[in-house]
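Please look over the structure shown below before reading on.

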Amino acid sequence: MIQFSSTHLIYLIEAARWTVLLSVLAFIGGGAFGLVLALGRVSQHKWLRWLSAAYIQIIQGTPLLVVLFLAYFGLSILGLDIEPIIAAGLSLTVYTAAFLGEIWRGCILSVPKTQWEASNCIGLSRAQQYRYVILPQAARIAIPPTVGFMVQIVKNTSITSIIGFVELARAGQIVNNSTFQPFITFVFVAIIYFAMCYPLSLASRHFERKLNVGK
Amino acid sequence: MKFLTRVALAATMAIGVAGVAKADLLADIKAKGEIAIAIDLGAPPWGMTDADLKPAGADVEVAKKLAEDLGVKFKLVEVTGPNRVPFLLTGKTDIVISSFAITPERAKVVDFVPYSVNRLIVFGPKGVEIKSLEDLSGKRVGVVRGNLQDTELTKKAPADTKLVRFDDDATTITALMSGQVDAMCAPYGMYLTLAERYPAKELEPKAEVVQQPLGIGLRQNEPELKAWLRGWVEKGAADGSLSTIFEKYMGAKLDLAPILAATK
C-alpha cells in the first residue's frame, strides 16, 4: 500500500513548475498580443476595428480545449510536428489575448473623452496621446480585471493535460490514483495553487493603492 | 470526461485519419529500435505510479514485456483517457496499451488486438444488503459519469436504482468512503486495492456487471504490426504470461481464449 509521502509532495511541486511556465507564457504572449487587439478595437481605421472584433468574437466563442486540440493535433495532421510546449504556449496566447484585448478596450474607453480633447489641443500626435495621456490612465483601471483574469489563467493551464502535460492538476490526479488518499492529495494541490495565485492578488492590491484607483 | 472524449473523437475524425502516412510501422519500429506505447498512469490498477512515482501497473508490465519480446526499447507516452485516440491517430504514439475498451464507436477509427479484460463489479461495505443486480433497487450506487460502468448499470440495474454519477474515480471512492453512496461500480482490481486500503469498511464484492474486452490500439492499415501483435498475444495467452501479469493486479486468472476466438 502506498502512502502519501514527501516524494509525492515534491512531485506535485515539480509539476507546478509547468503550471508556472505555462501561465507566464500566457501572460507575456497574451499580454503583448492583447494590447495590439485592444488598440485595434479602438482604432480610427474601420477595417482594423473590424478585424480585431472578429478575432475576439471567434476566440471568445471557442473553448480553450478546442484551440489546444487544433494547435497540437490539427497542425500535426497537416504535417507540422509541433512540440507540446509550443502548441500550449500558442493556444494560451491566442486565448488570453482575446480576453485581455476586450478587457483593455473597455479600460481605454473608460478614460474620459475630455482627456482626448485636451491632449489634442496641446498638439500631441495620436501615438503621443496614447503614450502619455490615455494608456497610463487606462492601466490603473485595468489592474483589477487583469489580475482577476490572470488568476483564472493559472487555473486554466490544467487543461493542457489533454496534450500530455503533467502539470499540477494532472499530477494531483496521478498521485491520488496511486495513493487513494484524495483528501490529503487535493488539499496539497489546493495549497500550491493558492501559493501561486495569492501573490498575484497581493500585487494587484499593492498597485491599486500605489496608483490610487478610484481615488 | 464524456464530453472530452466526444470532442476528441469528433475532432480527430473531422480532420481525417488520412493525415498519418501509411508505411510498415513494424519495420519502422524495428529500425528505430524503440516502440512508443501510450499508457494512462491515472487509471489504477492498469496504469499508476509506485511509491517512488515510477510507472507501474498491469498495462505497464504488458508494455514492457511487449517491447522486450519485440527486441526494442520501450518508450512510455503518458496519456489520459480522453486523448488516447488523438495521440494514436496523429502518430504521437505507435500503439496504445491503456485499459482501452474495445467499442464499436472506437473500432471505426482504430484497430484493436484484444489482450485483457476489464471485469466490472459492484462492491460496498459488509452491512449493505446487495446480492445481485436486482437488489440495487432503491440503492445509491456511485459510478464514473459516461464510463462503461455508467452505461452498463444504466442498462442492467433496476429502473429505481439511484445511479450517482461522479467525474472521476477519486470522487466516486470518496463518496463511498463517506457513505454518500451505498455501493460503487468499478474494475475488480480497484476493489482489491480499496479493500486493502480501508480495512475498517469491510468492503466486499456484491454483484458482477460485465467483462469488457480490452485491446491494444493501433492505427488502421498496419497489417504487419497487427499480425505481429496478434501472434504475440496468442503466444502470451498460451504460455500464461499475460495471465500471470493480470493475476498479480486483479487477483484472478485471465482467460483470453474465448475473446481471441470471437475476434478471429
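Is Glu208(B) buried or partly exposed? With a relative accessible area of 43%, Glu208(B) is partly exposed, where buried means under 20% relative accessible area, exposed means over 50%, and partly exposed lies in between, with a 1.4 Å probe and protein chains only. This is a predicted model, in which local features need pLDDT of at least 70 and side-chain atom pairs count only at pLDDT 80 or more, whereas totals for chains, interfaces and linings use all residues. Residues are numbered from 1 along each chain as its sequence is written, chains are lettered from A and ligands numbered from 1 in the order in which they are written, and side-chain values use heavy atoms, with hydrogens and water left out.

**Salt bridges**

- Over all chains the count comes to 18 salt bridges, a salt bridge being a side-chain nitrogen of Lys or Arg within 4 Å of a carboxyl oxygen of Asp or Glu.
- Glu208(B) is paired with Arg119(B) in one of them, with 2.6 Å between the closest N and O atoms; this pair links distant parts of the chain, since Arg119(B) lies in strand S6 and Glu208(B) in strand S10 (residues 203-219) of chain B, 89 residues apart. Helices (H or I, at least four residues) and strands (E, at least two) are DSSP runs, numbered from the N terminus.
- Arg165(B) and Asp150(B) also meet through their side chains in a salt bridge, at 2.9 Å from N to O, and here strand S8 (residues 162-166), which holds Arg165(B), is linked to helix H6 (residues 148-156), which holds Asp150(B), across 15 residues of chain B.
- Within that pair Arg165(B) counts as partly exposed at 36% relative accessibility, while Asp150(B) counts as buried at 7%.
- A salt bridge between Arg230(B) and Glu234(B) has its closest N and O atoms 2.9 Å apart, and because these residues are four apart in helix H9 (residues 223-238) of chain B, about one helical turn separates them.
- Arg230(B) is buried, with a relative accessible area of 16%, and Glu234(B) counts as partly exposed at 32%.
- In chain A, salt bridges that share partners join Arg41(A), Glu102(A) and Arg105(A) into one network.

**Chain A and its surface**

- The secondary structure of chain A comes to eight helices and zero strands, and its C-alpha trace spans about 75 × 45 × 20 Å along the principal axes.
- Of the 215 residues of chain A, 45% count as buried.
- Trp18(A), Leu21(A) and Leu25(A) make a nonpolar surface patch of about 240 Å². Patches are made of residues with over 30% relative accessible area and no salt bridge, like charges being joined within 9 Å and nonpolar side chains (Val, Leu, Ile, Met, Phe, Trp, Tyr) within 5 Å, and accessible areas come from the Shrake-Rupley method with a 1.4 Å probe, only the protein chains shown counting as cover for residues.
- Leu21(A) is found in helix H1 (residues 6-41) of chain A and counts as partly exposed at 39% relative accessibility.

**Enclosed helix in chain B**

- Helix H7 (residues 169-177) of chain B has seven of its nine residues buried, so it is largely enclosed by the rest of the structure.
- Among the buried residues of H7(B) are Asp169(B), Ile173(B), Leu176(B) and Met177(B).
- Gly179(B), which follows H7(B), has a positive phi near 80 degrees.

**Backbone geometry**

- Most residues other than glycine have a negative phi, and most peptide bonds are trans.
- Pro44(B) and Pro45(B) are joined by a cis peptide bond with omega about 0 degrees, and Pro45(B) lies in the loop between strand S1 (34-40) and strand S2 (48-49) of chain B.
- Phe180(A) has a positive phi near 55 degrees; Phe180(A) sits in the loop between helix H7 (168-179) and helix H8 (182-211) of chain A and is buried, with a relative accessible area of 4%.
- Glu202(B) has a positive phi near 50 degrees, lies in the loop between helix H8 (188-197) and S10 of chain B, and is partly exposed, with a relative accessible area of 45%.
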